[in-house]
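Reader: I'd like to go through the charged side-chain pairs in this one. Can you take me through them?

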Amino acid sequence: MSRGDSSSSFSSSTPLVPAPDEALIAAIRSGDERALAQLYRLHWPMVSHFVLQNSGSDDDAQDVYQEGVMVFYEKVRDGSLELNCQIKTYLYAVCRRLWLKRLTSKSRFGVRLQDDDDLGPLHHTGAEDDLLAAEEQDRRFTTMSEALDHLGEPCRSLLEGFYLLDKSMQALTAEFGYTNADNAKNQKYKCLVRLKKLFFAHYKEAPL
């Protein structure tokens with residue numbers, strides 16, 4: 001094998017995600033709370049330094065870091081994380097985007113951030129797409145909660161009982177005084193149709 005071939009082979013086999021990061025992700029995915037605590041401790045100084053040097057306070061840094069860690073945690077737990085960099089680079093990119101968004105909302109002028117050059121380019125981390133997906137999910141949950149508030153009774157309690165509290169149709173029939181389970185199912189269906197209409201009406205009106 002030529003020297004050139006050897007170099008190419010080594011380059012292609014170099015992992016994008018270091019082994020310690022892979023082990024930490026596996027532990028978090030398995031529900032190990034110690035791994036999540038370790039993750040939090042590992043990269044907190046980096047994000048704290050970034051926020052503090054970009055017009056933020058310690059409280060701001062904690063808020064941004066907690067939100068960033070939750071984005072990462074939820075992506076790991078639901079199996080949708082596609083990591084092509086170190087965890088610290090991903091978290092930095094997420095928290096940077098969160099802090100930039102906050103600063104932009106407060107400023108009438110453009111915002112320029114001081115970055116840690118050691119982390120390299122941030123636009124290939126996937127953090128932007130993951131953050132947008134998390135924000136979209138939060139928006140949907142908020143809209144669904146608002147739709148439930150506008151639904152009224154007994155529909156709200158009926159749907160919450162079935163979908164959130166996992167009550168059986170027999171139990172709901174007795175609780176709400178329906179003559180039989182079929183009547184309860186029909187009412188649940190009508191309530192669900194109303195909820196969907198309210199949800200999409202509120203969802204379209206909500207600001208992006």
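Reader: Which residue forms a salt bridge with Arg34?

Author: Quick heads-up: this is a predicted model, where local features need pLDDT of at least 70, side-chain atom pairs count only at pLDDT 80 or more, and totals for chains, interfaces and linings use all residues. Residues are numbered from 1 along each chain as its sequence is written, and side-chain values use heavy atoms, with hydrogens and water left out. A salt bridge here is a side-chain nitrogen of Lys or Arg within 4 Å of a carboxyl oxygen of Asp or Glu. With its closest N and O atoms 3.3 Å apart, the partner of Arg34 is Asp32.

Reader: Is Arg34 buried or exposed?

Author: Buried means under 20% relative accessible area, exposed over 50%, and partly exposed in between (1.4 Å probe, protein chains only). Asp32 has 23%, so that one is partly exposed. Arg34 has a relative accessible area of 66%, so the word for Arg34 is exposed.

Reader: Which helix holds Glu67, the partner of Arg102?

Author: Arg102 and Glu67 meet in a salt bridge at 3.8 Å, N to O. The pair links distant parts of the chain, 35 residues apart: Arg102 sits in helix α5 (residues 87-106), and Glu67 in helix α4 (residues 58-77). Helices are DSSP runs (H or I, at least four residues), numbered from the N terminus, and the name you want for Glu67 is α4.

Reader: How many residues apart are Arg156 and Glu160?

Author: Those two form a salt bridge as well, with the closest N and O atoms 3.2 Å apart. Both lie in helix α7 (residues 155-164), about one turn apart, and the spacing in residues is 4.

Definitions and conventions. Helices (H or I, at least four residues) and strands (E, at least two) are DSSP runs, numbered from the N terminus.
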